[in-house]
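Open the model in a viewer and keep the selection panel at hand. The stops below are given in the order in which to select them.

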Amino acid sequence: MVSFLLSLIALVLGYIIYGRFVERVMGPDDRVTPAISKADGLDFVALPSWKVFMIQFLNIAGTGPIFGAIMGAKFGPASYLWIIFGCIFAGAVHDYLTGMLSMRNGGAGLPELVGIYLGRRAKAVALVFTVVLLLMVGTVFVYSPAEILGGIRGDKMMWVVLIFVYYIIATMLPIDKIIGKIYPFFAFSLLFMGAALMVVLLMRWPAIPEIWSHCYNMGAATEPQSWTDQIFPCLFITIACGAISGFHATQTPIMARCVKDERMGRPLFYGAMITEGVVALIWAAVSSWFFYDSPTPGYATIAAATGGFHTSAAAVVNLVCSDWLGSFGALLAILGVVAAPITSGDTTFRSSRLIVAEWLKLDQRPIPKRMIICMPMFAVSILILYWQIENPDGFNIIWQYFGFANQSLATFALWTITAYMVKEGKTYWVTLVPALFMTCVCTTYLFISRQTFFLPPIIAYSLGGACTAAAAIWFALWRTAYPSNPSNPSTPQ
């Protein structure tokens, strides 16, 4: 518990100290934001700051900081370190600067930003990565809540249809009609669930593993046949939301179109990511207690109920909330594992519509032009969903590929922001360092993962290191073409 409390304090201090430093680097001012200059009553709508924060938090969070922390529990308290350092120095920086960059480019989405700062070829790759990633996320977030709801009442396929109908309506309507009204409530529910679990943790003060004594892959020690993942890079892929996630770079521009003042960027974007890190940290501690130190229900009960906790994070949420918080906790669990993915799914499809519209230069105010994009998008999602239903392990397969694509997209975003920093003469190392680190994570995972090349660790690490070194050399050569911009004397150099 000492490690947990120190980690919690570190996240708060990270927002106060490092968040303010990054804000100074970016230099927000009083320029007119796209929410005002491009107001259209559909996607560019100025919203109150508290509402933007709640929607942004739910957009980027969903079940990510919960499911990722549960699946990452096998790595023990090493997950705390990734959540702390990943969130403060990578994820929150990634989200804040993506939001600011979007605002300064008229509310542009990630592929458009990549094209502006990295070129047309990089934009094409980012566009494919982004749309494929969003379709996978949207499809997964149809099936998993439908499966849970079908077990409570009604037929699973009935819920699939109803959720799809909701997605179509929410994707097509102005952002303040549905999303702006119901998202704050569900965001509050997610925050309340995390706060309630933290109170129980503090009251029980369990003897969970500490960083200084258990900083290794604990799952490998207890079930060597099941837990063969290398802590590097697999921890950094498993826990994405709560540390850094490329999915956030697709969602943040949605809210960048609704912010009235640039100077609210740090609390809205950096702050929302730190908040998500706190939620992930709470679930990492709770999972650690349930899997390693709790006599009841403990690992054996959860494993029996879920077939191993790495295969059904939703079942773990239900068991944890019901056991610790009673019937009210069960209700919170339903909100967490049903409402949260549904609300993430609708903004996922909305983001897809905006990104494709931006690429095709289609005005989205006429309803028929929204339909032109939405109908093919939903048709592809239905095909993916059909494949997922026909394959018993479909969810896990899609989620594994999503994890790699997600962190790869984060790497794209970090390199894009780094290019912007260099061209504007700003302190570019704040994104260069995490960009190089995530390049190493993604390339190493590509070589070591069972789903891809599955090379021996020594070879995979060598190739990942070589790719990272090549990226560093490429950047150094490119950097020489852009000397520091003397027109920004107030920016730290």
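## Aromatic pairs and a surface patch

Phe129 is partly exposed, with a relative accessible area of 26%. This is a predicted model. The rings of Phe129 and Phe412 make a tilted aromatic pair, 6.1 Å centre to centre with 55° between the planes. Phe129 belongs to helix H7 (residues 120-152) and Phe412 to helix H17 (residues 394-423), so colour both helices; the two residues are 283 residues apart.

The count of aromatic pairs comes to 27. For another of them, select Tyr18 and Phe89: this pair is edge-to-face, at 4.7 Å centre to centre and 65° between the planes. Tyr18 sits in helix H1 and Phe89 in helix H5 (residues 78-103), 71 residues apart. Tyr18 is buried at 12% relative accessibility, while Phe89 is partly exposed at 35%.

Next, select Tyr15 and Arg266. Arg266 lies over the face of Tyr15, 4.7 Å from the ring centre.

Switch to a surface view for the nonpolar patch, whose members include Val2, Leu6, Ile9, Leu202, Trp205 and Trp212. The patch has about 1,000 Å² of accessible area together. Helix H1 (residues 2-26) supplies the largest share, seven residues. Trp212 is in the loop between helix H9 (179-204) and helix H10 (218-222), and is exposed at 58% relative accessible area.

Last, select helix H19 (residues 457-479). Its 23 residues reach 32 Å from first C-alpha to last, close to the 33 Å expected. Among its buried residues are Ala460, Gly464, Thr468 and Ala471.

Definitions and conventions: Residues numbered from 1 in each chain as written. Predicted model: local features only at pLDDT ≥ 70, side-chain atom pairs only at ≥ 80, totals over all residues. Heavy atoms only, no water. Patch = residues over 30% accessible without salt bridge, like charges linked within 9 Å, V, L, I, M, F, W, Y side chains within 5 Å. Areas by Shrake-Rupley, 256 points an atom, 1.4 Å probe, with all protein chains shown as cover. Salt bridge = Lys/Arg side-chain N within 4 Å of Asp/Glu carboxyl O. Helix = DSSP H or I, 4+ residues; strand = E, 2+ residues; numbered from the N terminus. Buried < 20%, exposed > 50% of the residue type's maximum accessible area, 1.4 Å probe, protein only. Expected span 1.5 Å × (residues − 1). Phe/Tyr/Trp six-rings, centres within 6.5 Å; stacked < 30°, edge-to-face > 60°. Lys NZ or Arg CZ within 6 Å of the ring centre and 35° of its normal.
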